[in-house]
Amino acid sequence: MLTEALDLFDGTVLGGVPGPFAESQRSWLDEQRLSLAEDRIDILLARNRCDDAIGGARLLTGAQPLRERPWAQLMLALYRDGRQSEALAAYGQARAASTEVLGLDPGPLLAGLRQRIVVADPGLLADTADAPQPAEPYGGWEEAEAGRRRVNLPRDCYHFVGRAHEVDRIVAAAGYGVCAIDGMAGVGKSALAVHVAGLLEQRYPDVRLHIDLHGHTPGQRPVAAAAALEKLLLAVGVPGDRIPAATDDRAAAWRAHLDGRRALLVLDNAVDAGQVRPLLPGSASSLVLITSRRRLSGLDAGESLSLGVLPYSDALGLFAAVAGESRAAREPAAAGEVVRACGLLPLAVQIAAARLRHRPAWSVAHLRDRLADEDRRLDELTAQERSVAVAFSLSYHSLDAERQWMFRLLGFFPGAEIGLSAAAALYGEVAAAPGPVSAAPGGSAPDAAASGLVPAAPDHALPGRPALGAPASTATDPGRPGPRAAAIRAAPTGPADLAHADRLLQDLVDCQLLDEPRPGRYRLHDLLSVYAARECERTDGEPERRSALGRLLDFYLATVDGAEELLRP
């Protein structure tokens with residue numbers, strides 16, 4: 001019936017008839033036709049036929065960009081279809097059309113709907129009990145905001161295990177206002193912050209909000225501070241037309257709104273301190289939990305917590321909780337080897353356990369054997385949208401070329417730990433030239449192992465990695481240096497050389513891609529080492545890898561030769 005009515009009012013009923021009466025009737029008929037078309041979209045929305053509603057609304061907005069009702073219908077249809085970002089982009093298009101022609105922002109109809117979309121108002125969904133009727137699918141935001149609880153924290157992790165010491169530290173620091181939690185990808189920073197937020201909900205009854213800042217999210221750019229402030233202000237009920245345009249003004253409005261309120265904020269996945277600083281409330285009655293893969297040393301935080309991997313017992317507990325207590329208990333030794341192959345990293349343990357849970361035919365030993373192959377280990381630690389390799393890649397690709405090269409070379413290094421001088425040689429900062437090696441202060445030979453000039457004894461052998469050792473041509477009398485070693489002397493490492501290498505290594509430490517267990521000694525997490533070695537093989541050719549290994553071997557040979565000359569001149 002409605003389709004026939006639309007065909008009747010197709011604009012040709014009085015086509016060609018001259019005069020003011022005919023013109024007024026044509027205008028009236030055009031308006032009736034548009035209204036009927038909009039009514040039809042409302043009916044489609046009521047029946048949850050989002051695709052048809054989107055198509056019809058796009059036609060109307062293209063033909064009549066200043067009519068707000070079709071824009072609102074398009075925004076609602078896109079949101080119900082799970083396309084929140086496109087719904088907000090549609091508002092931007094409507095605003096651009098309105099400001100270009102009229103010099104005005106859209107009215108309360110679109111502004112209110114946009115606000116409800118930003119805060120993910122469940123009342124906009126067609127299958128909720130309080131879903132709006134098709135005649136007014138986008139109004140009434142004031143009433144919705146008036147009754148809204150300012151809470152949008154994610155659900156606590158179902159398999160949260162351990163971290164009792166870290167939880168106690170954060171809870172004890174609640175009075176300091178800001179707690180920054182950093183750690184490598186997959187270590188469980190977000191899970192810890194959300195868990196603690198749930199424990200503290202009674203202390204902060206006024207506002208409890210979570211916002212993902214997308215510092216390391218596949219396919220997402222980091223959220224600008226201005227956009228994050230807008231989302232937070234909308235979430236606490238500030239109308240969109242009252243939000244200032246400038247970032248500093250938004251930050252001031254945000255602090256004023258939270259003044260005196262007991263608010264708990266989880267600023268998740270921050271890229272750096274500059275992104276979160278404008279979001280911090282000024283009230284001492286608020287608590288902010290910040291998670292980041294980067295150490296936020298530039299942030300004035302009351303408590304800073306660097307999260308490490310799980311203790312072995314907790315990693316086993318997490319594996320059993322996800323895979324099933326009975327299956328883990330039947331093969332305890334194999335379960336232990338699985339969590340060790342996962343490097344005790346919570347994300348890796350969860351993925352491995354989830355794969356086992358969904359494969360009844362597998363034994364724990366079968367999973368262990370699959371993870372034993374280092375070349376395919378990262379591929380095994382993938383389950384649908386969760387992947388250890390993808391999590392690492394986001395951190396790696398945020399580096400510049402110099403730091404990526406250093407990171408890849410560290411994965412190629414065959415030992416468990418490397419010192420600053422050895423890393424500089426591997427990178428290419430240390431040259432080899434004739435000349436004696438000077439003694440350490442006090443006249444004694446340098447402690448090569450402690451300074452990183454000789455590799456420390458590895459904790460484990462990494463299969464498939466090149467082994468350090470002198471070529472056959474240098475193997476002569478073990479009591480005296482061979483011909484190649486005798487010809488090589490390590491040039492004194494220039495301050496600029498070591499300083500540059502030190503900056504690169506420290507930046508990798510700050511980005512949680514490298515660990516510094518003690519000053520001047522560096523170590524990659526086992527899975528990061530596998531990832532770095534794979535990236536080195538993919539990115540760098542055989543000549544580059546051989547050259548780097550040759551520099552390292554020359555450095556060690558020259559160091560040993562110089563030490564021997566000091567001991568036996």
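Reader: Is Gln350 buried or exposed?

Author: In this predicted model, Gln350 belongs to helix α16, which spans residues 346-357. Its relative accessible area is 16%. A residue counts as buried when that value is under 20%, and therefore Gln350 is buried.

Reader: Leaving aside its neighbours within four places in sequence, with which residues is Gln350 in contact?

Author: Contact here requires heavy atoms within 4.5 Å. Once the neighbours within four places in sequence are left aside, the residues in contact with Gln350 are Cys157, Leu318, Val322 and Arg386.

Reader: Which are the edge strands of the open sheet of five strands?

Author: The strand order in this sheet is β2-β3-β4-β1-β5, and the pairing is parallel. Neighbouring strands are turned by 15° against each other on average, direction ignored. The strands that pair on one side only are β2 (207-212) and β5 (303-307).

Reader: Which residue in β4 stands opposite Ala270?

Author: Strand β3 covers residues 263-270 and strand β4 covers residues 287-292. These two strands pair in the parallel sense over five bridges. Opposite Ala270, the residue in β4 is Ser292.

Reader: At about what angle to β5 does helix α8 run?

Author: Helix α8 consists of residues 164-172 and lies across β1 (178-183), β4 and β5. Relative to β5, the helix runs at about 165°.

Reader: What is the bridge partner of Asp515 in β10?

Author: A second topic is the open sheet of three strands, ordered β8-β10-β9 with antiparallel pairing. Its edge strands are β8 (418-419) and β9 (515-518). Two bridges join β9 to β10 (residues 521-523). In β10, the partner of Asp515 is Arg523.

Methods:
Residues are numbered from 1 along each chain as its sequence is written. This is a predicted model: local features need pLDDT of at least 70, side-chain atom pairs count only at pLDDT 80 or more; totals for chains, interfaces and linings use all residues. Side-chain values use heavy atoms; hydrogens and water are left out. Two strands pair if DSSP finds at least two bridges between them. Helices (H or I, at least four residues) and strands (E, at least two) are DSSP runs, numbered from the N terminus. Axes are lines fitted to C-alpha atoms, for helices over the stretch in contact, and angles run from 0 to 180 degrees between N-to-C directions. Buried means under 20% relative accessible area, exposed over 50%, partly exposed in between (1.4 Å probe, protein chains only).
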